[in-house]
Amino acid sequence: MFHVKLHGQDSMARGADEKLVSRRIKLPKRVVEAPLSQVGKRLLMALFVLFLTVFVVWLDRDGYHDNANETVDLLDCFYYATVTLSTTGYGDIVPYSDSARLINILVITPLRVLFLIILVGTTLEVLTERTREEWRLKRWRKNLRDHTVVVGFGTKGRSALLTLLATGLSKEQVVIVDPSAKVIDTANAEGFTGVVGDATRSDVLLRAELQKARQIVIATQRDDTAVLVTLTARQLNRGAKIVAAVREEENAPLLRQSGADAVITSASAAGRLLGLSVLSPSAGTVMEDLIQQGSGLDLIERPARKAEVGKSVRDTEDLVVSVLRGHRLLAYDDPHASPIQLTDRLITIVRAVPPTSPAVRLGPAE
């Protein structure tokens with residue numbers, strides 16, 4: 001029986017006020033004008049129409065009749081403009097001259113319509129935006145397949161995602177789950193879809209369409225949270241590849257029992273790299289280069305080619321370091337690793353090159 005060793009404070013547990021009320025999907029926002037800026041512009045347009053109406057009425061004020069004192073001053077012009085543009089029309093101030101009535105027909109009425117369009121347009125735009133977002137969400141759910149779910153968008157989750165993106169994964173195929181709305185807003189700004197909520201809850205993971213995901217990265221800050229997320233994720237998706245990170249090495253077996261295909265011990269891995277760098281700074285640099293995709297040397301897994309079948313691992317074009325045969329991982333110097341079989345998968349070292357350039361392989365001669 002395994003016990004989870006707790007360490008530190010989990011980002012999955014922070015912000016209790018964000019947990020239950022904020023479990024929602026947030027698609028990447030399109031580049032649009034800020035809402036306050038839009039409202040400000042509409043308000044300025046409405047005020048412009050109002051003052052223009054007041055100016056028109058003031059110029060022809062002698063053609064208007066006020067039932068209170070028969071004269072129309074500047075205050076009366078503002079009053080008439082507001083009740084007219086708002087279609088209230090109390091009737092206490094009325095145009096009685098032919099010119100005033102003609103101006104009302106040709107100028108005031110169009111200004112009234114324009115004023116109403118400005119006011120109603122804001123409401124219509126809000127409703128249209130909501131409808132558009134609902135349509136985008138439905139389309140997103142319908143088209144999302146074989147995607148990657150990243151639980152926790154901290155340092156570990158972000159680094160893992162950058163590595164996946166360097167291998168060709170598109171941002172549209174990534175869904176990030178985090179309990180912090182601010183973190184999800186940051187992810188949205190970078191072009192990722194996010195789900196705000198506690199990933200230990202199945203309803204939150206279902207919002208991320210985890211049941212249709214191809215791979216799941218669990219990068220929480222607490223090991224007990226990682227165990228619960230792994231259990232829930234494996235229950236929802238039996239076939240997805242689950243990779244989880246833990247702080248304490250003694251918790252790694254529990255993660256594997258919970259359904260994780262691979263478990264990375266972050267503290268131990270960092271410590272080993274530090275120790276290697278102490279013994280040989282150059283070797284530490286090479287290891288850091290190998291695990292950083294897209295620059296220098298890359299460590300990749302690929303299927304064996306037909307031309308390589310029957311050959312020794314030392315005779316391949318690439319520099320083979322391990323052979324994955326079924327569930328067995330064979331080192332390059334293992335006698336059983338050669339000859340290569342058609343169903344083998346090879347762990348090789350290649351030189352990272354831009355996607356548009358032909359791949360440069362490191363063979364034995366290099």
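In this predicted model, Asp 224 forms a salt bridge with Arg 222, their closest N and O atoms lying 2.7 Å apart, where a salt bridge is a side-chain nitrogen of Lys or Arg within 4 Å of a carboxyl oxygen of Asp or Glu. By this rule the count comes to 12 salt bridges. Because the model is predicted, local features need pLDDT of at least 70 and side-chain atom pairs count only at pLDDT 80 or more, while totals for chains, interfaces and linings use all residues. Residues are numbered from 1 along each chain as its sequence is written, and side-chain values use heavy atoms, with hydrogens and water left out.

**The chain as a whole**

- The secondary structure of the protein chain comes to 10 helices and 14 strands, helices (H or I, at least four residues) and strands (E, at least two) being DSSP runs numbered from the N terminus.
- Of the 366 residues in the protein chain, 39% are buried, where buried means under 20% relative accessible area, exposed means over 50%, and partly exposed lies in between (1.4 Å probe, protein chains only).
- Among contacts (heavy atoms within 4.5 Å) between residues at least 6 apart in sequence, 66% join residues at least 24 apart.
- The accessible surface of the protein chain, computed by the Shrake-Rupley method with a 1.4 Å probe, comes to about 20,900 Å², and 60% of this belongs to carbon and sulfur atoms.

**Salt bridges between parts of the chain**

- Glu 209 forms a salt bridge with Arg 141, and the closest N and O atoms of this pair are 2.5 Å apart.
- Glu 209 lies in the loop between α6 (202–207) and β7 (215–218), whereas Arg 141 lies in helix α3 (residues 98–143), so the pair ties together parts that are 68 residues apart in sequence.
- Glu 209 is buried, with a relative accessible area of 6%, whereas Arg 141 counts as partly exposed at 29% relative accessibility.
- Asp 344 forms a salt bridge with Arg 325, with 2.8 Å between the closest N and O atoms.
- This pair links distant parts of the chain, 19 residues apart, with Asp 344 in the loop between β12 (328–331) and β13 (345–351) and Arg 325 in strand β11 (residues 319–325).
- Both Asp 344 and Arg 325 are buried.
- Salt bridges that share partners join Arg 302, Arg 305, Glu 308 and Asp 318 into one network.

**Annotated regions**

- An unreviewed UniProt entry places the feature "transmembrane region" at residues 43–59 and 102–127, and such annotations may be inferred rather than shown by experiment.
- Over residues 43–59 the chain is 100% helix and 0% strand, with the end C-alpha atoms 24 Å apart.
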